[in-house]
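Have the chain in view as you read, and take it one topic at a time.

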Amino acid sequence: MAALPEIFSVSQVTQYIKRLLENDVALQQVWVCGEISNFTLHSSGHMYFTLKDDASRLRAVMFKRENQWLKFRPYDGLEVIVCGRIGVYPKSGEYQLYVEMMEAAGMGSLYLAFEQLKERLAQEGLFAPERKKPIPRLPRKIGVITSPTGAAVRDIIKILHRRHARVDILVIPAQVQGDTAPASLVAALQTAGRLTDLDLVIIGRGGGSAEELWAFNDEGVARAIAACPHPVISAVGHETDFTIADLVADLRAPTPSGAAELSVPEVNELRNRIKLCTDNLYALFSRLCARKRAQLERLAFHPVLRHPDRMIVARRQQVDEGKEELVRRMRVVLEERRKELRRKMEQLEMVSPLAVLNRGYSICFRETDGRLVREAAEVARGEQLRITFRRGQIRTKVEEVEEDVTTWAKK
């Protein structure tokens with residue numbers, strides 16, 4: 001009598017096929033190119049979709065722990081290149097591709113992410129001209145959000161002081177590249193927004209690759225710029241570089257140096273404009289007086305009035321006296337305004353950080369996070385410090401901390 005065949009359960013057959021596929025080394029890291037269809041982003045964060053070409057379809061899944069690093073949002077019809085492993089989902093008995101990496105085919109992933117974010121923010125109105133704030137003509141205090149050690153901050157400070165030495169500059173340190181840069185830029189923008197004495201904010205960095213500038217294409221940074229209560233000038237990279245921050249800012253500068261030039265007018269240019277306006281005012285007033293005098297002269301020699309009227313002569317004299325008095329008052333007012341302007345400029349000079357440095361003082365920063373050190377208790381022994389003088393900087397290491405000033409003075 002023939003032996004009965006061995007009978008397997010569905011689960012046993014599925015597990016057997018699953019082991020066969022998972023033990024095949026060639027299927028444990030396979031690259032596949034195809035078009036996405038039936039894309040679904042589950043509430044759990046997992047992505048389910050199908051990869052297809054002209055002849056076949058392949059079910060795929062990309063779990064949240066892998067897709068959270070994607071810089072773009074997949075969609076139906078997008079052609080992608082993925083890498084993953086082939087396995088079996090026991091519940092349905094179907095084999096599928098477990099995706100670990102994904103890149104957009106044809107166009108770069110960074111470019112696709114840039115275009116998707118730009119389209120979404122444009123639909124929300126963040127780039128609309130009517131929501132942009134005007135840049136002040138003569139700001140008194142400017143906040144600069146950038147790396148405190150980069151070349152960009154030195155260029156901005158140098159040009160601002162060259163164009164208008166009395167403008168007050170506040171550097172708000174932030175990371176400008178890397179994974180933590182977006183959060184650092186958002187925190188710096190929020191700090192600037194809480195400072196009510198700021199008139200203008202410049203945010204940016206020097207040139208670099210698309211990956212190095214990518215922090216300025218972050219959605220959180222874009223929304224923080226839009227929410228900032230002060231006007232914001234974006235100055236990222238070189239003139240050919242373009243970021244989301246440039247689109248949402250109130251003004252885009254081609255470079256950090258260009259942002260400094262757009263922020264404040266040159267002092268000599270201001271003086272020339274004031275002189276030109278004054279000269280034009282004098283010339284206009286002289287023309288008006290000459291016109292009135294000519295009208296009175298014509299009236300005095302009108303055929304009906306062959307003999308000079310004493311009243312007309314008196315009026316002419318009053319006009320001449322009024323002109324002289326008005327010119328005198330205008331000169332007095334202009335002189336008072338000039339004195340007031342000089343007094344305010346001297347006051348600004350007195351509170352300028354550079355004036356403090358010129359008097360022999362220095363400013364101390366923590367090397368680790370760039371924060372200003374105001375008291376000895378804020379640092380610890382062995383900590384690295386950066387000290388700024390009138391000219392130049394030094395880096396030093398704390399050997400001893402004494403919080404009592406009187407003890408230090410006795411020594």
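**A covered strand**

Strand β8 (residues 200-205) is mostly covered, with 6 of its 6 residues buried; buried means under 20% relative accessible area, exposed over 50%, and partly exposed in between, using a 1.4 Å probe and protein chains only. Strands (E, at least two residues) and helices (H or I, at least four residues) are DSSP runs, numbered from the N terminus. This is a predicted model, where local features need pLDDT of at least 70 and side-chain atom pairs count only at pLDDT 80 or more, while totals for chains, interfaces and linings use all residues. Residues are numbered from 1 along each chain as its sequence is written, and side-chain values use heavy atoms, leaving out hydrogens and water.

**Both faces of β8**
- On one side, Leu-200, Ile-202 and Gly-204 are buried.

**Neighbours of β8**
- Two strands pair if DSSP finds at least two bridges between them.
- β6 and β8 run parallel and are joined by 4 bridges, with Gly-143 opposite Val-201.
- β9 (residues 232-236) also pairs with β8 in the parallel sense, over 5 bridges, and there Ser-234 is the bridge partner of Ile-203.
- Together, β8, helix α6 (residues 219-227) and β9 make a right-handed β-α-β unit: with the strands pointing away from the viewer, the path from the first strand over the helix to the second runs clockwise.

**A loop residue**
- Pro-134 lies in the loop between α3 (109-124) and β6 (141-146).
- Pro-134 counts as exposed because its relative accessibility is 69%.
- Pro-134 and Leu-251 are 117 residues apart in sequence, yet their C-alpha atoms are 8.5 Å apart in space.
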